[in-house]
Amino acid sequence: MSLTFDDVKAAAQRIEGHVLKTPFAYSQRLSAVTKVSLWVKYENQQMTSAFKERGALNKLAQLTQEERARGVYAASAGNHAQGLAYHATRLGIPATIVMPHGTPFVKIQKTQSFGAKVVISGASYDKSSAHAQDLCREAGAVYVHPFDDYDVMAGQGTLAIEMLEAVPDLDVLLVPVGGGGLIAGMAVAAKAINPKIKVIGVEAAMYPSFAAKRNRQTVVSGGATIAEGIAVKEVGELTFAVANPLVDDVIVIDESDIERGIAMFVNVEKTVSEGAGATGLAAVLRHAERFAGQKVGLVLCGGNIDLRLLASVLQRELVREKRLVTYRILGDDRPGMLSRMADVISDKGGNIVDVAHNRLVLDVPAKGAEFDIMVETQDARHAYEIEEALRRTGYALRMD
């Protein structure tokens, strides 16, 4: 067995009207920033805020009445869990989802709210998957794999049909890769519609399983990536067999690239992306020259990011851009010293966000003190102007 374009077209008919046909729009602002013609598929607008509904529903819709009565089991870091839970409940099918420890609370809560029973087990997806399959066998239920299943792949492939219906002359599709279900389904559909289109996968550096297998390399995957939706140690056997002959290349990106992608979606496009959803944009930011002059389709595959993590990412981006800078000043511990520093910063138009006053640093004289002053600036140039003004006061200044 394998996956054909007819399978993907059948899936599109099966899920029509039950899954949102999300916008696929040209981003004038992102294109201006990156100097690449970018089109974004907003799968964060699905009911469960992710594309996984497509494959889950296509699988569920083909179960017999007897299979539906037995229920379904799955393991997922969150998005497959939510998609399966939502549509299983809608169809009256009992669903149990095993999620690994460390799954963002927002994904656990949403999965439960969609009607599934959630079991937390395993330090990684792989261990959760093994436990879920054991439970499924004991219950005599149907296991719905999040990616290594032809019906699931076919459902995910419907994304490519919608994207190429909207923009037939796309040159490149940048697709997040974890287990490989999305890129397998999309590659089958995209290459059938337009054999010349380039399908390029994007993986997180901590989990480069597709690229490693493609290059016959042994790579140890693992780590707390911000892109937990694609944190899969081993690409699926079925997905790899389908996708590898059709995929033109795989780009591996770092955590800082993914953070930049998330921040740019928020700051420039005014939309929320989880780590996995930002990988396509991250690849463009990292390799803009490679995509110059081409029409590139990005899959914003999900928006389920923990709000505290999102806040941290946005603040870290301010630090990278030197719009949030900490000036460490060593000076006398006497009245008026801090006021003088504040006047210098104020005169230069900086906004003081936080001040830490430490008298117990041993490399500072007993009559001295260390001040960490966090300042909001306009940009790197403005930060440098404030730094120079502080240095002219005669006090020792250290920069983080």
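Trainee: Which residues does Gln-156 touch, not counting residues up to four places away in sequence?

Mentor: This is a predicted model, in which local features need pLDDT of at least 70 and side-chain atom pairs count only at pLDDT 80 or more, while totals for chains, interfaces and linings use all residues. Residues are numbered from 1 along each chain as its sequence is written, and side-chain values use heavy atoms, with hydrogens and water left out. Taking contact to mean heavy atoms within 4.5 Å, Gln-156 touches Phe-51, Lys-52, Arg-54, Gly-55, Pro-146, Gly-181, Leu-182 and Met-186.

Trainee: Is Gln-156 buried or exposed?

Mentor: Gln-156 lies in helix H8, residues 150–166, where helices (H or I, at least four residues) and strands (E, at least two) are DSSP runs numbered from the N terminus. Buried means under 20% relative accessible area, exposed over 50%, and partly exposed in between, with a 1.4 Å probe and protein chains only. Because its relative accessible area is 1%, Gln-156 counts as buried.

Trainee: How do the axes of H1 and helix H3 cross, and what does that make H1 relative to H3?

Mentor: Axes are lines fitted to C-alpha atoms, for helices over the stretch in contact, and angles run from 0 to 180 degrees between N-to-C directions. The axes of H1 and helix H3 (residues 53–60) come within 9 Å and cross at roughly 90°. Angles under 35 degrees count as roughly parallel, over 145 as roughly antiparallel, 65 to 115 as roughly perpendicular and the rest as oblique, and therefore H1 is roughly perpendicular to H3.

Trainee: Which residues make the contact of H1 with H3?

Mentor: On the side of H3, the contact is made by Arg-54, Leu-57 and Asn-58, and Arg-54 is also one of the residues that Gln-156 touches. On the side of H1, the residues in the contact are Ala-11, Arg-14 and Ile-15.

Trainee: What volume does the largest cavity have?

Mentor: On a 1 Å grid over the protein atoms alone, a cavity is a set of points where a 1.4 Å probe fits but cannot get out, whereas a pocket is an open set with protein on both sides within 12 Å along at least five of seven lines, and lining residues have an atom within 4 Å of a point. Grid points are joined across faces, edges and corners, and a volume is the space filled by probe spheres set on the points. By this rule there are 2 cavities of 30 Å³ or more, and the largest has a volume of about 300 Å³.

Trainee: Which residues that line the largest cavity are the closest to its centre?

Mentor: Helix H5 (79–90) and helix H9 (181–193) each supply at least two residues of this lining. Of the 26 residues that line the largest cavity, the closest to its centre are Lys-52, Gly-179, Gly-229, Ile-230 and Val-232.

Trainee: Which residues lie nearest the centre of the largest pocket?

Mentor: The largest pocket has a volume of about 380 Å³. Of its 19 lining residues, those nearest its centre are Gly-102, Gly-223, Ala-224, Glu-228 and Ala-231.

Trainee: Where does Arg-216 lie, and what is its phi near?

Mentor: Arg-216 lies in the loop between helix H10 (209–214) and helix H11 (237–243), and counts as exposed because its relative accessibility is 80%. Its phi is a positive value in a residue other than glycine, near 55°.
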